[in-house]
Amino acid sequence: MAKKPTTPSAELDAARAAARNTDSGPAQPAPPAAGKGDPPAQKAIDTQALASGMPANANKPLEYGEANALATPAGATVSPPSRLPAASTLSEENSSAKTGTVAREGVNTTIASLDRVRVDSSGRVLTTNQGVAVADNQNSLKAGARGPALLEDFILREKITHFDHERIPERIVHARGSGAHGFFECYEPLTRYTKAAPFKEAGKVTPVFVRFSTVAGERGSKDTARDVRGFAVKFYTDEGNWDLVGNNMPVFFIQDAMKFPDLVHAVKPEPHHQMPQAASAHDTFWDFVSLMPESTHMLMWVMSDRAIPRSFRMMQGFGVHTFRLVNEAGESVLVKFHWQPKLGTHSMVWEEAVKISGADPDYHRRDLWEAIEAGEYPEWELGLQIFTEAQAEQFSFDILDATKIVPEELVPVQIVGRLVLNRNPDNFFAETEQVAFCAAHIVPGLDFTNDPLLAGRIHSYVDTQISRLGGPNFHELPINAPVAQVHNNQRDGMHRQAIHRGRVAYEPNSLAGGCPFQAGAAQGFVSVANRIDAKESANKVRIKPEKFADHYTQARLFFESQSEVEQAHIGNAFRFELSKVTVPAIRERMVANLRNAVPALAERLAQDLGMDLPPPTPKALETPVQPEVESSPALSLMARPGDGGIRTRKVAILVAHGVEGSSLGKLVSALVAAGAVPRLVAPRLGAYVGAGGEKFAADATLENSPGVLFDALVLPDGAAAVETLDADAHTLEFLRVQYWHCKTILAFGASETLLAEAQIPLTLPDGSHDAGLILADAAAADEAIAEFIAAMGMHRHFDRENDPPAA
C-alpha cells in the first residue's frame, strides 16, 4: 500500500505560525495536517473550508423583478466543519464564575425568562454595585466625628449618584400606567385567515404583558381623570413579539399622524402656567378640537362614561386601526380588534370620580393590583371583526379613517380567545415603566393598512423609546425581550447586553456559513403586496380621501346609541368641560360643531352655558353617504353588564358599639361567599362590641375611607350604634354620596333614621320603588341580604339620579 505524502514539518510550522496572526495571511490554505493538535491552525483550516463552500451569492439574481417579489428565498448557508470558525476567541474554552461557558450553539440566552434577572436578597449582606460588602450604611465617611465628609467615600458617592439618576424620561403620553403579566389562550384555529402564532391552534397559550394607562396626565397625576385609557398588550409569541397598542375607545381624535403633535400639545397643560394637569377642560384643547371637526366623534366618546371607567378590569379595549390578517397562502382580510371584559363594562359618575381623585389618586392601579393579589384574575375575551376589501369598499365610511368604527351590525364581532392577567410585576420600574410598546411590532400573519395615523405610529413609538430608554437597545431590557430567539447583525450602542460570539456582523457572509440568514417568504415576515385600498392613485399627494370628510355621521351614531342616562351624562360632561373655557368664541365654535352632529345636544348646551345658539359650522362634506346603521345598541355601556356577579366589589359596612351583630355576621359571610370584599368602617380603627356581645374589628374609618371608594353600603341595626354614627358628620356624607352616585344601600332597622337625617328619599323621584335602596329588619336578614346582592349586581341605579343632586 502506498504511503500518503507527508507535509514537511517546516511547512506545518509556518502554517501554524501564520494562523497566529490577525493582520495578514498566506496565499494558500494551510495543509490539513497543520491543524492536528493546534487550535489556531485548525480554526484557519475550518474557516477556509467554510468560506469556500459559498463561492458566490446564488440568491443575488432573485433580488430583481416583481416576479420574484413574493418568492423571497431563504438565505444560503453552509454548515461549518466545527464550531471554531464562528468563535470570537479560542480562549472561550476557559470558563469562570463570571464568563460562564461556551455559547450554546444557535441560542441567544439573553431572552430567557425573567428568572434570569430576578433578585432576592434574603439572608444577604448589603453591597455596593461592584459587590463589595458595606460595613456601615448609616454614616458617610468624615474626617473626625464633626469633620467634613470626604471625597474618597466611594460608597456614599455611588449611592447618591445612582439616586440622582434613578428617573428616566416619562412617556410624553400614557405616562401614568399600571401593568400585569398573564396569558392569551386561543379558542379555535384561525388558520383560514392568518398564520399568526397566537391563533394557530385551539388551546395555544401565549404569554403577555398588559399595560393600562391614562393618556394626558403626567406620571404623578390621578387615575380617575376624564381621559382616554391606554390598553396595550405585548404578546410574547414563539415567532416574535406582537404589540397590540390600543385604547379603551375604538376611534381617535385625528385622521393623520401629522396632527398628533398638535393634539398632544393642545391637551397637555398650557405651557405658560402648566395647568391643568390630567384634564381636557381648558382653552387650548377645546380651541384645537373645535377647529378640527373630525374630532367630533371621539369627543362623544370622551365626554361619555367611557372616559371614567370603574376599573381597568371593567373596560373594553380596541386596536383602533384597521389591520390585516394574512394566511399561509398570502391571502389577506381586514380586521378590527376588540377586548371584551368578562366583568362587564362599568363606569363612575363624574362627581364620584372627582372625589375619588382626592381620596385615592391610585384608585385604578390599586384595584388592579388587589384583584390579582386576591386571585380574582381579570379576564377579557378577544373579538375580531373580519371583513374583505370588497365589503370595505361598500361601506359608507372609509375603513382607513381612525375616527370611524365598523358598526357591529355590519360586521359582527367573532370571539376567538381569552386574555387572563394572573401575575403582578415584581418591580414597577423594571417592568411596567420600562416596558416598550410599538405599533410596528407585528409577526408573520399580520400586516398594516394604509391608515395615515397608523403610519405615523409605526415610526413614532420606536423613535420615542430610543430617547426614553437611553438608546437603540431597549429591546434587550428583560421585560421587552421576546421568548423567540433573536439573531441579527445589529451590534453596539448604549446599554448593549448581548455578548455576540464570532467575527461576523453582516449578511451575506461566508465566514459564518451565511448565518444568521434570511428566512425567506416561506417562514419570514412578508408585507402584503396587493393593497386594493391604494389602487385609486399612485400620485404623491398631501390629501385625504373624500369619505374622511364626513365628520358628524358616526358622532351622531354614537350619541343615538346611548341610553337616556348616558346621553344625559354626555351633555353634563360637555357642559362641565366647556364651562372651564375662558374664551367665549371657543365655546361657541364647539357648540356650532355639535349642531351638525346632534342638534338637540347643541341646543341644550347653549342653554346650559348661557349663550345664544350659534349657526352650525360649515360642513366639509355637505352630502355624506347615507349610513347603513343609525343606532347600534352595542355602543352603550349598558349592553355589557357582565354576569351580574359582585366578585371584587367593595362593600362598606358601618359599625359602632352596640350594633346588632347577628345580621352583620350573616351579611359578611354571604358577601365573602359571593366574592365581594366587605370592610367594616367605623369612626375609629379598633374592636367594637355588638349588642349581643359579638366582636367586630374595624379595618377602615369614616375619615380614611370615604363613601366614594365603595360600591355599596350597609347601615346597621342597633339604636346605640346608630346614635354613635349619627353623631359623626362623616356618616351622613358617606351615605349621601352613596345615594347620589346611584349605589346600592341596605339599611337595617334603626338605621332608617340615618336615611331621614341625610334627607334620602325612600322612593324614586316619581314615587316608585327604588330597587337600590333596601330596608329590612334584622330578623329578616336572609331575604334582605339576597336582595342586596342581586341589586349590587346591577352596578348602578340611575333611576334615582338627579342633575344637580336634589337637596
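Q554 counts as buried because its relative accessibility is 6%, where buried means under 20% relative accessible area, exposed means over 50%, and partly exposed lies in between, with a 1.4 Å probe and protein chains only. This residue sits in helix α12. Helices here are DSSP runs of H or I with at least four residues, strands are runs of E with at least two, and both are numbered from the N terminus. Leaving aside residues up to four places away in sequence, Q554 touches H297, F397, T403, K404, I405 and P407. Contact means heavy atoms within 4.5 Å.

A word on what you are looking at. This is a predicted model, in which local features need pLDDT of at least 70 and side-chain atom pairs count only at pLDDT 80 or more, while totals for chains, interfaces and linings use all residues. Residues are numbered from 1 along each chain as its sequence is written, and side-chain values use heavy atoms, with hydrogens and water left out.

Now the chain as a whole. It has 807 residues, and 48% of them count as buried. The chain contains 20 helices and 18 strands. The C-alpha trace spans about 115 × 80 × 55 Å along its principal axes. Take the contacts between residues at least 6 apart in sequence: 74% of these join residues at least 24 apart. The accessible surface is about 38,300 Å², with 55% of it belonging to carbon and sulfur atoms; the method is Shrake-Rupley with a 1.4 Å probe, and for residues only the protein chains shown count as cover.

Next, the loop between α11 (452-468) and α12 (553-560), which holds S510. Is S510 buried or exposed? S510 counts as buried, because its relative accessibility is 18%. Its contacts, apart from residues up to four places away in sequence, are L50, A51 and M54. G417 is 93 residues from S510 along the chain, and their C-alpha atoms are 44 Å apart.

On to the strands. Two strands pair if DSSP finds at least two bridges between them. Strand β9 (residues 414-423) pairs with strand β1 (residues 177-186) in the antiparallel sense, over 6 bridges. In that pairing, F184 stands opposite L419 of β9. Strand β8 (residues 379-387) also runs antiparallel to β9, joined to it by 6 bridges. There, I415 in β9 is the bridge partner of G383.

Another sheet is open and has 6 strands, in the order β15-β12-β11-β16-β17-β18, with parallel pairing. Its edge strands, β15 (700-701) and β18 (773-776), each pair on one side only. Within this sheet, β11 (residues 650-654) and β12 (residues 677-682) are parallel over 5 bridges, and V651 stands opposite P678 in β12. In general, strands of a sheet pair through backbone hydrogen bonds, either parallel or antiparallel.

Last, the cysteines. How many disulfides does the structure hold? The count is 0, a disulfide being a pair of cysteine sulfur atoms within 2.5 Å. C186 is buried, because its relative accessible area is 1%. C515 counts as partly exposed, because its relative accessibility is 31%.
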